[in-house]
Amino acid sequence: MRQPVEVLIEKYKNNIYVIAFNVCKNAQDAEDVVQDTFIQYISSKKDFETEQHIRAWLIRVAINKAKNKNNTFFRRNTLPLEDYMETLIFESSESSELSELFETVMKLSEKYRVVIHLFYYEDYSVNEIADILKISVSNVKVRLSRGRRLLRETLKEVWENDE
Amino acid sequence: MTNREKYKQAFSAIHISDEFSLEVRKMTNTSKKQKFNRMVAVIAVCVLLAGGSTVAYAADLGGIQRTIQLWIHGNQTEATIDFNTDGSYEMEYFDSEGNAAQQGGGGVAFNADGSERPLTEEELLDLLDDPDVRYEDDGSVWIYYFDQKIDITDKFDDNICYVQISNGEETLYMTIKYQNGWSSSPNKYPSPSSFN
């Protein structure tokens, strides 16, 4: 099955942007990744089984494109993460906790960050994350466990032990 | 709130810009011609110089335009690159299907005092000589280096791959961490713990 790209953009552009930002750590590169990801969908002849299959494919492509962008020396003039964070508005009475959580996640190593994000933001299971990242289930479990532990160590009571 | 609820709230603070949809629609309209006019840093991802400076020759006006043989996804391609004084460039070439394609990019370097400066033409060309590690959607992993395309998908042991590559003049020892960057040295394999 295929879906019109306009439909997919409206549905998933922000999710793709957030995972791309999670990897790239800056807004400009993340936006480029979103654009490149949808262009790849347009140019791809791939036939998908379900919409969830499309969503997972888009996320995998975005992660790979974001990693490739990180691995190149070519970067735009980018706003430092600290400056970007000052522009964010956390709409909650617990905004300071959310800001601290955001900052702590972004300080994690990329391999932990991505797994944590797919689990807590995209609601993917360990098996699904392994499939998206093309790594073993046990590897995902290790990254998830270590990522949680690192969050707990920094965030203390803000991050509960949910293992 | 649960950890999941907190996480989602924290990351709901970031949004893609409102102009994005329009921009993609424009890209959709032009994608068949592969005219990518945005100043994005994509050249190093998919393009490698063939033969470095020995095959680069100037066909230029004022010394800023060069016609260079590039390897683009395994296809040797002649591209014309305009280098601008602000560290950006614009490149035109014909892809393997004969379609005109345009790409742009640019970069900055950091001075010792932390200030930024545009990359020079020489620096841009040097960077194009670097090997490129690509993770494809089908799960395969490839190294592109000059005219070589090396499948390293099955060469990872505990997420680490060691590969020796050569352009005929210089040998590079590459250490690649799966999905987590790579490093190379002309002398020995870099230790996985020495990078990222």
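**Entry 1: helix α5 of chain A**

I looked up the burial of α5(A) and found L98(A), L101(A), F102(A) and V105(A) buried. I counted a residue as buried if 20 or more other C-beta atoms lie within 10 Å of its own, with C-beta atoms placed from the backbone. These four residues are on the same side of α5(A), because they cover an arc of only 100° around the axis. The arc is taken over the directions from the helix axis to the C-beta atoms.

The model is predicted; local features need pLDDT of at least 70, side-chain atom pairs count only at pLDDT 80 or more, and totals for chains, interfaces and linings use all residues. Residues are numbered from 1 along each chain as its sequence is written, while chains are lettered from A and ligands numbered from 1 in the order in which they are written.

I then checked the length of α5(A), residues 95-107: the helix has 13 residues and reaches 18 Å from its first C-alpha to its last, close to the 18 Å expected at 1.5 Å a residue. The expected span is 1.5 Å times one less than the number of residues. Helices (H or I, at least four residues) and strands (E, at least two) are DSSP runs, numbered from the N terminus.

What covers the buried residues of α5(A)? I found that the cover includes α6 (110-120) and α8 (137-155) of chain A, together with α1 (3-11) of chain B.

**Entry 2: chain A as a whole**

I recorded 8 helices and 0 strands for chain A. Of its 163 residues, 39% are buried. I also looked at contacts (C-beta atoms, placed from the backbone, within 7 Å): among those in chain A between residues at least 6 apart in sequence, 66% join residues at least 24 apart.

**Entry 3: strands of chain B**

I found an open sheet of 3 strands in chain B, in the order β9-β10-β11, with antiparallel pairing. Strands pair if DSSP finds at least two bridges between them. β9 (132-135) and β11 (148-151) of chain B stand at the edges with a single partner strand each, so one side of each lacks a neighbour in the sheet. I counted 4 bridges between β9(B) and β10(B), residues 141-145; D132(B) stands opposite Y144(B).

I next examined β13(B), residues 171-177, and β14(B), residues 182-185, which pair in the antiparallel sense over 4 bridges. I176(B) has W182(B) as its bridge partner. The two strands form a hairpin with 4 residues between them, and Q179(B) in the turn has a positive phi of about 60°.

Methods
A residue is buried if 20 or more other C-beta atoms lie within 10 Å of its own, exposed if 12 or fewer, and partly exposed in between; C-beta atoms are placed from the backbone. Two residues are in contact if their C-beta atoms, placed from the backbone, lie within 7 Å.
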